[in-house]
Structure formats: structure tokens, C-alpha cells
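Please look over the sequence and the structure before reading on.

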Amino acid sequence: MVGDVSILITGGAGFIGSHTVLVLLENGYDIIVLDNLVNAWKDDSEQIPEVLQRVERLTGKKITFYQVDLCDQDALSDVFNKHKIDCVIHFAALKAVGESCQEPLKYYSNNVTGSITLLKVMKEKNVTKLVFSSSSTVYGNPEYLPICEKHPTGRSCTNPYGKSKYFVEEILRDLVTSDKAMNVISLRYFNPVGAHCSGEIGEDPTGAPNNLMPYVAQVAIGRRKELLVFGNDYDTPDGTGVRDYIHIMDLAEGHVVALENILQTSSVHRFNVFNLGTGRGYSVLEVRISKTKVNLCCIL
């Protein structure tokens, strides 16, 4: 059954996408990857980006890859015309919080318009199952802790990136309400970190890191001179900000579970959300002082 199931993964050359591609291949799924390579490197002489070449070597399996931007509806339709797609896992999005505040139109255009274009093509091609890569940023400033899936969303989003994820979730809710065949699972991540145990793939952004762990790792190997910690008066044990960090391989396995659930469910009127985190926070200083405390593999 699994070998006959074809999964389209948008943003599959990114940090979370590439690790999920690896795990899905190991579980026997047929994978088609689509990425515009905004945050992945590909040599002009190669057919697929470097990270997916490494995934192929690790799994011993070939990956079908298309360099396509989600906002290009014609190119996206061509991909759907070439394959019988059973489900889409939608990772493709810009994700730098700071940049989203500086260039909000860029984020709304890519994250929201790109998602709408994808949904239009899915509807046109009668693909009704979607796993959406969302974010805990949809909760905004927490009204209570720990945050559960019933926590209000959208009321206090603090940046355009988080708002873009919230807007897409609302669009998905409306689509599911209007189309009884649609089946959607939205996974709200906290803070993905780490790497595959081989060290062959991990988080190595093309520009300056926007997340703590790759910044710590780059300082540790001498690529960057220092790590600056902003804020020492938070209401936390050491005064620095606390975040819930989830290992990337655990996150990838979470997508396998979501995919199995959505494929086994008959086409009914459904929209489900799940948080993916550990429920245990670590402060900036804890992560800086001892990466092993959060059981991370940070090989760049």
C-alpha cells in the first residue's frame, strides 16, 4: 500500500522538509519534491539540490525533484499533471521573523498567495488531502501555559510571519467547510533543532541564522565570532528567554504519523490541528552553555 502512495512535498529541500523526505523514503513512500531553492543550494550541473543528493545517498532511493515557485500556477499545474498525487505536505514558506517585519509584503505574497495557488491547483486536480506546516507563532503572546491546541490563535500574533501562518490556517478552515472532500491536518511546531544522526544533513542556512541553535553551532565551530544574548530580565530562572525545542527527527516522525492518519481516514469534513513540541522549555543560557542538555546533534 505505502509503495503505491505518492506524496508531493513543497519546500522539501529546506531544513524540516529534507529531514521529512528522508523519513518518508525510509518508510517506503514515493516522494516528489518541489522547491524554489530560496534557502537551498544546487549546482547548475546537478539535477537536484545538494541536500537531496545526500538524502538519496542515505536512503538508497531516488527523489523526483522540480524547481518550481508555488506562486507560478502554470508550473505547479504541470507537476500535478505528471503525477498521480495522493497527498500534499506543504512546507514551502519564508520563515524569518525579523525579515517578515522588514518585508511583510514579501511574506504575505509567498506564504499566503503561494498557499492559495497550491490549494487552487489541488482542487483543480482533485487532490483532497493536505498536511500543513504551521507554527506555534499563531498563538501569539500566550494567554496561559502550557499552550494547548484550544489556545486562541490570531489575537496577538506579533509578526507578519506568524500572521501568515494564521491566515493560511483560516483559509484552510474555510476551504474544509466549503468542500466536504477536503481533509487537512495542521501541525503547529515550536522550535525545531538538531540534525540527522549521520551529520550529512542538518540546519545550515544560506545567510545569517535566524534561530538560536544554528547560531550557537556556527560560533562553536568558529564560523562566527560570538553569540549575543538579548534580554536578561525575563521572568525565567536565569532571566533569558525560554523556548520549547523539538528535535528535527522527532518532528519528521510526527509528519509520518500525520500522513498515516490522513491517508487512512475516509474523505470526510475534517480540519485537525496538533502541536508538535516537547512540553519542556530551555533558556537561551541553558542552550548556550550545554547543547547536550537538549539532546541535540548540531553538525554543520
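## Helix 3 and helix 5

In this predicted model, helix 3 and helix 5 cross with a right-handed sense. The contact draws on Gln-73, Leu-76, Ser-77 and Phe-80 from helix 3, while helix 5 contributes Thr-117, Leu-118, Lys-120, Val-121, Met-122 and Glu-124. By residue class, the contact of helix 3 with helix 5 consists of five nonpolar, three polar and two charged residues.

As for geometry, the axes of helix 3, which covers residues 73–82, and helix 5, which covers residues 104–124, come within 10 Å and cross at roughly 40 degrees. Angles under 35 degrees would count as roughly parallel and those from 65 to 115 as roughly perpendicular, and helix 3 and helix 5 are therefore oblique to each other.

## Helix 1 and helix 2

A second pair is formed by helix 1 (residues 15–26) and helix 2 (residues 50–59), whose axes come within 10 Å and cross at roughly 25 degrees. That angle makes helix 1 roughly parallel to helix 2, since the cut-off for this description is an angle under 35 degrees. The crossing of helix 1 and helix 2 is right-handed.

On the side of helix 1, the residues that take part are Ser-18, Val-21, Leu-22, Leu-25 and Glu-26, and they meet Val-51, Val-55, Leu-58 and Thr-59 in helix 2. Sorted by class, the residues of the contact of helix 1 with helix 2 comprise six nonpolar, two polar and one charged.

Is His-151, a residue with a relative accessible area of 2%, buried or exposed? With that value His-151 is buried, because buried means under 20% relative accessible area. His-151 belongs to the loop that lies between strand 5 (129–135) and helix 6 (160–178). When neighbours within four places in sequence are set aside, the residues in contact with His-151 are Tyr-139, Asn-141, Pro-142, Glu-143 and Tyr-144.

## The chain as a whole

The chain contains nine helices and ten strands. Its radius of gyration is 19 Å, close to the 19 Å that the globule rule gives for 300 residues, so the chain is as compact as a globular protein of that length. Along the principal axes, the C-alpha trace spans about 55 × 45 × 35 Å.

Of the 300 residues in the chain, 51% are buried. Among contacts in the chain with a separation of 6 or more, 75% are accounted for by residues 24 or more positions apart.

Definitions and conventions
Residues are numbered from 1 along each chain as its sequence is written. This is a predicted model: local features need pLDDT of at least 70, side-chain atom pairs count only at pLDDT 80 or more; totals for chains, interfaces and linings use all residues. Side-chain values use heavy atoms; hydrogens and water are left out. Axes are lines fitted to C-alpha atoms, for helices over the stretch in contact, and angles run from 0 to 180 degrees between N-to-C directions. Helices (H or I, at least four residues) and strands (E, at least two) are DSSP runs, numbered from the N terminus. Angles under 35 degrees count as roughly parallel, over 145 as roughly antiparallel, 65 to 115 as roughly perpendicular and the rest as oblique. A crossing is left-handed if the near helix is turned anticlockwise from the far one by less than a right angle, and right-handed if clockwise. Contact means heavy atoms within 4.5 Å. Ala, Val, Leu, Ile, Met, Phe, Trp, Tyr, Cys and Pro count as nonpolar, Asp, Glu, Lys and Arg as charged, and the others, Gly among them, as polar. The radius of gyration is taken over C-alpha atoms; the globule rule is 2.2 Å times the number of residues to the power 0.38. Buried means under 20% relative accessible area, exposed over 50%, partly exposed in between (1.4 Å probe, protein chains only).
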